[in-house]
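Got a new structure open and wondering where the labels come from? Let's take some of them one at a time.

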Amino acid sequence: MKVLVSDKLSEKGLEILKKAGGLVVDVKTGLTKEQIISEIPKYDGLIVRSGTKVTADVINAAKNLKVIGRAGIGVDNVDVDAASKKGIVVMNTPEGNIITTAEHAIAMMLSLARKIPQASASVKGKKWEKGFMGVEIYNKTLGVIGLGRIGSIVASRAKGLSMNVIAYDPFISKERAQNLGVELVELQDIFKRADFISVHTPKTSETTYLIGEKEFAIMKKGVRIINCARGGIIDEKALYNAIKDKIVSGAALDVFEKEPVQPDNPLLELDEVICTPHLGASTDEAQLNVAIDVAEQIVDFFKKGQIRNAVNVPSMSAELLSKIQPYLTLGEKMGSLHAQLIEGGVKGITIKYSGDIVNLGVKPITISIVKGFLQSFVGEGVNMVNASFIAKERGIEVAETTTSEAHDFASLISVTVKTEKQEKLIEGTVFGKNDPRIVRIDEYWVEASPSGNMLIFSNIDAPGVIGKIGTILGDDKVNIAGMQLGRNKPKGNAVSIVNIDSPIPDKTLQKIRSMPNIIYAKMVKL
Ligand code: NAD
Ligand code: MLT
């Protein structure tokens with residue numbers, strides 16, 4: 001396996017990659033876009049920091065690429081959608097630089113409060129100006145927006161500096177905030193109450209311009225703003241106006257809407273603005289941490305097939321993987337079975353999980369069901385990374401529900417596929433540790449092992465149907481390995497699953513389909 005490291009990575013990370021054995025590691029930094037496009041077809045793995053722009057062009061030029069590792073948190077420099085579409089795993093290292101970045105935000109807040117960068121520049125300009133009047137942070141209110149990994153460290157450090165900390169994060173529970181000693185408030189309250197505001201959300205469509213003209217208008221006069229998250233969470237134009245209008249008395253920015261920051265960015269002309277060139281994660285410790293993390297993740301990916309910290313596929317530990325694997329296999333087979341049985345344009349897939357299985361975390365199982373389903377249409381190009389993406393692209397809605405209540409089985413997966421013509425239900429479970437079974441098709445209870453070649457047919461329950469099918473198969477040299485029959489009531493309808501040793505020739509299937517009392521007959525391969 002060949003791995004390209006295209007940004008500077010701490011030596012320790014390179015050592016881990018090289019010592020793993022079986023990986024050929026090339027370090028080629030500072031490549032132009034054209035150079036990386038011409039290099040990438042040779043590689044199975046790519047490791048970047050923020051310098052390399054892994055655009056759709058780069059991804060589409062890749063022939064063997066299986067994984068992209070980002071030494072850092074933000075994957076804004078990687079076209080994750082393009083990677084997902086090609087089935088390439090994108091991983092980041094979400095833990096290694098959080099302390100460093102939180103410390104940077106605190107350093108920026110103190111520098112802002114005491115105008116340290118401005119005073120330093122003045123002294124270095126051979127002046128002795130005493131007018132750099134600051135404010136204390138003691139007893140002031142810090143409003144943290146985004147109480148995740150970094151935001152919560154900032155909150156705890158700020159409390160250590162005797163600040164009152166309030167926070168807004170719609171995805172954090174009151175209990176979590178309480179444990180951090182932070183008052184969880186509405187976004188509007190942050191604007192109305194905070195003396196300092198520090199943003200720590202990811203940049204998403206919801207957080208882009210989270211702070212703009214309307215928000216500045218209701219802020220406490222003299223508020224100070226810190227952004228060590230991502231440029232564009234704060235509207236730079238609105239920030240400039242709010243400083244000019246004396247609503248904001250200072251801003252500390254590590255990140256900008258356009259990076260590197262444009263020389264003509266008007267914010268750079270304001271004395272009230274202090275800035276750093278996206279240095280939030282720039283400490284020896286953080287760079288060492290992220291290099292080690294990304295190297296270990298890439299080694300585990302190639303050597304153990306383990307996916308950690310992926311942003312486009314659910315991650316799982318080796319222990320969880322071993323528990324969930326039988327359900328992944330079952331799910332894929334159920335998806336494939338559905339795809340081979342249904343008729344009509346597919347509208348949606350609804351998956352219900354019941355019983356113990358819900359404790360395993362069902363997201364990967366859902367993906368394997370969708371993968372198995374799509375494989376019949378799309379072929380081998382579909383994998384765990386791009387399955388959800390391809391389903392969405394084809395307008396197939398996937399819904400998932402869970403209930404810990406169990407009825408006939410300790411764990412049960414129920415998959416309903418709705419098409420323009422019909423709605424079909426298949427249920428499956430795992431017997432023992434690793435014995436997948438299909439236990440229901442529509443209203444018919446069965447108990448069939450989902451493997452190999454299968455004839456599945458439905459018929460009106462009448463004497464002679466099964467015998468006749470046995471004779472047709474025998475005459476055409478198709479050997480029956482096992483058979484399961486389920487019916488709703490005597491003389492009602494029935495479904496049968498016949499495991500066979502070889503595929504059924506078309507002419508044999510036609511003979512079965514043209515028999516009286518046959519509703520449908522399909523040849524399935526799982
Ligand atoms: P995280 O995912 O741990 O935390 C983000 C938090 O934001 C989550 O708790 C989430 O619930 C919350 N959130 C999401 N949408 C929100 C919204 N609309 N309003 C309020 N809260 C919302 O992320 P993290 O690791 O703490 O990183 C935070 C930010 O810092 C990211 O943007 C990351 O890219 C950036 N970062 C910057 C640097 C740097 O060098 N300046 C370094 C590392 C990380
Ligand atoms: C990150 O996302 O980890 C930070 O922005 C730092 C970096 O770009 O490496």
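This is a predicted model: local features need pLDDT of at least 70, side-chain atom pairs count only at pLDDT 80 or more; totals for chains, interfaces and linings use all residues.

Residues are numbered from 1 along each chain as its sequence is written, chains are lettered from A and ligands numbered from 1 in the order in which they are written, and side-chain values use heavy atoms, with hydrogens and water left out.

Q: Why are α1 and α12 called roughly parallel?
A: Helix α1 (residues 11-19) and helix α12 (residues 284-304) cross at roughly 15°, and their axes come within 7 Å. Angles under 35 degrees count as roughly parallel, over 145 as roughly antiparallel, 65 to 115 as roughly perpendicular and the rest as oblique, so α1 and α12 are roughly parallel to each other.

Q: What makes up the contact between α1 and α12?
A: Contact means heavy atoms within 4.5 Å. On α1 it's Lys 12, Gly 13, Ile 16 and Leu 17, and on α12 the residues include Leu 288, Ala 291 and Ile 292. By class, that contact has 8 nonpolar, 1 polar and 2 charged residues. Gly counts as polar and Lys as charged.

Q: Why is α5 called oblique to α7?
A: Helix α5 (residues 98-114) and helix α7 (residues 149-160) pack at about 50°, with axes 9 Å apart. That angle makes α5 oblique to α7.

Q: Which residues of α5 and α7 make the contact?
A: Among them are Ile 98, Ile 99 and Thr 101 of α5, plus Arg 149, Ile 150 and Ile 153 of α7. By class, the contact has 9 nonpolar, 1 polar and 2 charged residues.

Q: What makes Cys 228 a polar contact of ligand 1?
A: A polar backbone atom of Cys 228 sits 3.0 Å from a nitrogen atom of ligand 1, and that passes the cut-off. Ala 281 passes as well, with a backbone N or O atom 3.3 Å from an oxygen atom of ligand 1.

Notes:
Axes are lines fitted to C-alpha atoms, for helices over the stretch in contact, and angles run from 0 to 180 degrees between N-to-C directions. Helices (H or I, at least four residues) and strands (E, at least two) are DSSP runs, numbered from the N terminus. A polar contact is a pair of N or O atoms within 3.5 Å; within protein, one must be able to donate a hydrogen and the other to accept it, and residues adjacent in sequence count only if both atoms are side-chain atoms.
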